[in-house]
Amino acid sequence: MTDAHIAQVALCAHNAGKLRHWYRNVFEMAPGSGALVSVPPMPTRRIQGIDPNPTEMVTWLVDQQDYFQLEFFQFYRPRSNLKPTAWRPCDIGYSIIGICVADFDATMRRYAAHSDVTLPASVGQSGRRRTCVRDPEGNWIEILERDPLEDIEASTPGIVRPELGAVVRFIRVSVPDMERAQVTYVDALGLVEVADATLHSDEDEALWGLPGASTNRVLLRGSNFLVELVQYFDPQPAPRPAGYQICDQGVMNIALGFRTPEQFDAAFVRATGHGLRPNGKPVDVGIFRVMYVNDADGFSVEMLCARPSLWSLSGFSPGGAYVQNEVLIRAQPERVWQRLIDHAGLGDWTLFRGRVLRPGAPAEEGPGCVRELKALGLRITEEVVSWEEGSHYRYRLRSGAPFRWHCGDVFVTAEPGECTRVRWAIRFESWLPFTGKLTAWVLGRIFRRALVQLKQQLEAS
């Protein structure tokens, strides 16, 4: 096991807003809070090593895991050069992003709805299906039904937002020299080799259009993430284009994330001590401490300490229209679950008086159940759309609230000591612009109070 934590995969796009919107819709990720705009005389050039001094905007998406984001850069100066038309996944650079999805079939339907290409075929048995697609700017993505970390360890680490649709789990890197790459990612950055597991076989090369390819592969892991180093012998990989900079279209780099400045400083000394070249001295702007480092083959890695108390400013927390509350209850999960699915009894512990308008099937409270909630002059109808007996249900708004879209998830998880953790997460889009953050604050207080009331009742009886 290693402490090396991958906190970002960064993409440079010609239309970052559109690309971010595509990933959000296809993979059901959530917008990271805020955005950053960098203009001279900010020290961006010293951090990223981009010439001339760049002007850029960056936004984020968060997935299911803790302290991770997909990062989307839009460069206005210098403009991002387009990826070569003949670019292949074997060509030198960060090449394929691996995303594990909660619902493979639904993800593929969303991909088809938001893409202008034919839906690709998948490989593998049910529960282990995979396919490879390209996003609107030509970046390759492997979509996986099973989390590859489950084949390495019994549990999947760091899942904090199970209501979202995906978790980013690996990056594939085409390298010109395997020994030099291992010095970078193992000796300098602290990833560890996975000796008894593989991510891909020779047959998988056909998924991204390279059937019969001859390669040498090494699988590395961080605490939450896999990095697959690949050296291609046939076909011969193309080098990066002349004049390449990391602001050019495609995958820019990955970031190692640290939670304290002391951890960052120790890792920075290790990385530079093993030959990685920083663009300058680490920069600390309060929200985060950061510096990009580079290896002998031109691979960039960001070293980042985004302070957890300020994640709402650095995009590691979900954006405004998102409410998440958890409570630990000293009661058996079965008993807690029965209270949570009693739609007609919601008024006993929430602000809302409920009744069932249409029972679901096969369970009355389950999929297809339509419930009516009344409170504060509102008459809201919601439908249960997903159901995992004893552990999770999802509902969507049908009418009666000032939202364009609304989805809620309730999770029940057994905890040690005969306790139960309840997570209630809500995502929505308001009809009125710029009201999402305020509405989320109000809803957060309402649902936090409801869960406390439920806890008190169950623990008192």
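## A strand enclosed, and the sheet and helices around it

Strand E16 (residues 288-294) is largely enclosed by the rest of the structure, because seven of its seven residues are buried. Here, buried means under 20% relative accessible area with a 1.4 Å probe, counting protein chains only, while exposed means over 50% and partly exposed lies in between. Strands (E, at least two residues) and helices (H or I, at least four) are DSSP runs, numbered from the N terminus.

Before we go on, note that this is a predicted model, in which local features need pLDDT of at least 70, side-chain atom pairs count only at pLDDT 80 or more, and totals for chains, interfaces and linings use all residues. Residues are numbered from 1 along each chain as its sequence is written, and side-chain values use heavy atoms, leaving out hydrogens and water.

Which way do the residues of E16 point? Phe 288, Val 290, Tyr 292 and Asn 294 point one way, Arg 289, Met 291 and Val 293 point the other way, and all are buried.

Two strands pair if DSSP finds at least two bridges between them. The table lists the pairings.

| Strand pairing with E16 | Sense | Bridges | Example of facing residues |
|---|---|---|---|
| E14 (residues 277-278) | antiparallel | two | Arg 277 and Asn 294 |
| E15 (residues 283-284) | antiparallel | two | Asp 284 and Arg 289 |
| E17 (residues 300-306) | antiparallel | seven | Glu 302 and Tyr 292 |

Two hairpins involve E16. In the hairpin of E15 and E16, three residues lie between the strands, and Gly 286 takes a positive phi near 90°. In the hairpin of E16 and E17, five residues lie between the strands, and Gly 298 takes a positive phi near 85°.

Elsewhere, seven strands form an open sheet with mixed pairing, in the order E7-E8-E6-E9-E12-E11-E10. Its edge strands are E7 (130-134) and E10 (192-193), each of which pairs on one side only. Inside this order, E6 (residues 93-101) and E9 (residues 166-174) run antiparallel and are joined by eight bridges. Cys 100 has Val 167 in E9 as its bridge partner.

Finally, look at helix H1 (residues 16-27). In H1, Ala 16, Leu 19, Trp 22, Tyr 23, Val 26 and Phe 27 are buried. They cover an arc of only 125° around the axis (taken from the directions from the helix axis to the C-beta atoms), which puts them on the same side of H1. Just after H1, Glu 28 takes a positive phi of about 50°.
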